[in-house]
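Hi,

Here is the model I promised to pass on.

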Amino acid sequence: MRTSNRHGPVPPAPARPGQPAPADGGGSAPQAHRHAFGSIEILCVLLILVAVLHRQISELVADARLQTWLTVFVSVLVQAVPFLVFGVVLSAVIAVFVPRSFWARALPRRPALAVPVAGVAGVVLPGCECGSVPIAGSLIRRGVTPAAALAFLLAAPAINPIVLTATAVAFPRNPEMVAARAGASLAVALLMGWLWLRLGRVEWIRLPHRAHLDRLPKWEAFWVACRHDVVHAGGFLVLGAMAAATINVAVPQTWLNDLAARPVLSVLALATLAVLLSICSEADAFVAASLSQFSLTARLAFLVVGPMVDLKLISMQTGIFGRDFAARFAPATFGLAVLTAAVVGMVIW
């Protein structure tokens, strides 16, 4: 009894101090709350209203800059929400229905070998970065080594078939851009996974505790996990979309034209722009293709950095993994992505 109390306070153990007796009472509380109009319903209603009434709201706002802000904000949400929902559902499936023993069989036991296997596994999941964040969190929660889960988180949005096909369509005269993007993105994902094995610490990741899911029926636990992730990650997604829309309006276009003439600064400029714009990985290739005043290397940096580090991703990673993780992981990924894209671009072009 005392040993369980020692381990309990680390996650939310005080919520269930007496395990046998309050089990029924604790189980009835979620069912009573289940039918209430809670935060997830409010979030969904607000998102639907903003998307449906987008034109009416724009007509009420006379300022062109505010209309642009609203357009960018809605477009980021419309792009990201379907993939976020897909990621949340898949995350809940992993958390509830997939046994822990599966991952012990599917991945190599040595973490250094599990990293490339998890990174290459991103090819088979056609999702964007918004869905990969909750999936990676669920993989860690189910016993997958964090290095492998993080390699999957970075690789999946950049090397899946949908993204590579969109890149080929956006760059018909430069088919080598597809191979450059896939190779550079996979290299960054694997290097960050191995870097985490070397320097990462478990205490930097603060996943929301979900021990109570094991005591619920499967489908009820699935619904509870979905509700939690949609509210948790969705709220940070909204904040990231607001920040991206604000910076999209605030950055003058003349700055981009001046930076395009400087090779080194142009790479850093487009990498930073990718962070600020927060475009979904399924659509960023068309934006990169439109920036024709920049070199192919600079546009490659835009395509490599965007699916790995942007405002909405940083916000979501903060909400799911914690501030300590995001404060270290995002800057390290940004620096490595810029360096890798520059080296690959110099070799190819």
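**What I found**

At 15% relative accessibility, phenylalanine 222 counts as buried (buried is under 20% relative accessible area, exposed over 50% and partly exposed in between, with a 1.4 Å probe and protein chains only). Its partner in an aromatic pair, phenylalanine 97, is partly exposed, at a relative accessible area of 33%.

Before the rest, some ground rules. This is a predicted model, where local features need pLDDT of at least 70 and side-chain atom pairs count only at pLDDT 80 or more, while totals for chains, interfaces and linings use all residues. Residues are numbered from 1 along each chain as its sequence is written, and side-chain values use heavy atoms, with hydrogens and water left out.

On confidence: pLDDT (the predictor's confidence in each residue, from 0 to 100) averages 78 over the chain, and 77% of the residues score at least 70. The stretch to watch is residues 1-35, where pLDDT stays under 50. The model has 15 contacts beyond four places in sequence for that stretch, a contact being heavy atoms within 4.5 Å. Where pLDDT is low, the predicted coordinates should not be read in detail.

Now the overall picture. The chain has 18 helices and zero strands (DSSP runs numbered from the N terminus, H or I with at least four residues for helices, E with at least two for strands). Of its 349 residues, 47% count as buried. Among contacts with a separation of 6 or more, 82% come from residues 24 or more positions apart. The accessible surface is about 17200 Å², and carbon and sulfur atoms hold 68% of that (Shrake-Rupley method with a 1.4 Å probe; for residues, only the protein chains shown count as cover).

Back to the rings. There are eight aromatic pairs in the structure; rings of Phe, Tyr and Trp (its six-membered ring) pair if their centres lie within 6.5 Å, with planes under 30 degrees apart called stacked, over 60 edge-to-face and the rest tilted. Phenylalanine 97 and phenylalanine 222 form a tilted pair, because their centres are 6.0 Å apart and their planes sit at 50 degrees. Phenylalanine 97 is in the loop between helix 5 (64-96) and helix 6 (100-106) and phenylalanine 222 is in helix 12 (residues 218-250), so this pair ties together parts 125 residues apart in sequence. Elsewhere, ring pairs link Trp196, Trp204, Phe321, Phe325 and Phe329 into a cluster.

Which buried residues did I look at? Serine 185, in helix 11 (residues 176-199), is buried with a relative accessible area of 0%. Beyond its neighbours within four places in sequence, serine 185 touches Ala158, Ile159, Val304 and Met308. Glutamate 282 sits in the loop between helix 14 and helix 15 (284-290) and is also buried, at 14%; its C-alpha atom is 8.5 Å from that of leucine 164, 118 residues away along the chain. Leucine 70, in helix 5, is buried at 10%, and its C-alpha atom lies 10.0 Å from that of alanine 241, 171 residues away along the chain.

Cheers
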